[in-house]
Amino acid sequence: MTNQQMSDAELAGQPAAYWTGVAYEALIAYTRARQAEKSYTQPQFWLLRNLSANDISPDGEGMTLPELTEAMRSYLRPEDDLAAESAVLVERGWLRRDGEDRLWLTGEGERARVDLARNAPAIRAALHKGIDDADYVTTVKVLQQLIRNAGGTVA
């Protein structure tokens, strides 16, 4: 039985963990496919963001791969290889590596980060098609309550 055939009562009995897992995998796959069409990966974008003083980095200082891995631990996937991803960005001239094995964002890398960030609104718009903001907000609030009910922390 598909969810279009289920009554509201049947949907209410569905396990949240199943549906959040299915949603997570579908959203990540969609996002990564759109990014691949533009010749970059999600982990590459995260590296640029985490090294930019104009984005996530508080100071724009270089970081080692272990430091970057720790900074991204809540959203890295098991298949994400930051060493390989950073090597691509060094080759492109978007990152540079110093003598202490710290990665630094270059001027070209900052321009690339700004350019790549321009793709996010189109990805969001496609994923939110047919969903009004009020329904989306309600969904996020419900998910936050489920997290709290499960003993988790809502950031």
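Trainee: Is the crossing of α3 and α5 left-handed or right-handed?

Mentor: A crossing is left-handed if the near helix is turned anticlockwise from the far one by less than a right angle, and right-handed if clockwise. Here the crossing of α3 and α5 is right-handed. Bear in mind that this is a predicted model, where local features need pLDDT of at least 70, side-chain atom pairs count only at pLDDT 80 or more, and totals for chains, interfaces and linings use all residues. Residues are numbered from 1 along each chain as its sequence is written, and side-chain values use heavy atoms, with hydrogens and water left out.

Trainee: Which residues make the contact?

Mentor: Contact means heavy atoms within 4.5 Å. Helix α3 brings Pro43, Gln44, Leu47 and Leu48, while α5 brings Leu82, Glu85, Ser86, Val88, Leu89 and Arg92. Helices are DSSP runs (H or I, at least four residues) and strands likewise (E, at least two), numbered from the N terminus.

Trainee: What does Leu95 touch?

Mentor: Leaving aside residues up to four places away in sequence, Leu95 touches Leu48, Leu51, Ser86, Leu89, Val90, Leu103, Trp104, Leu105 and Thr106.

Trainee: How many residues apart in sequence are Ala83 and Pro66?

Mentor: They are 17 residues apart in sequence, and 9.7 Å apart in space, C-alpha to C-alpha.
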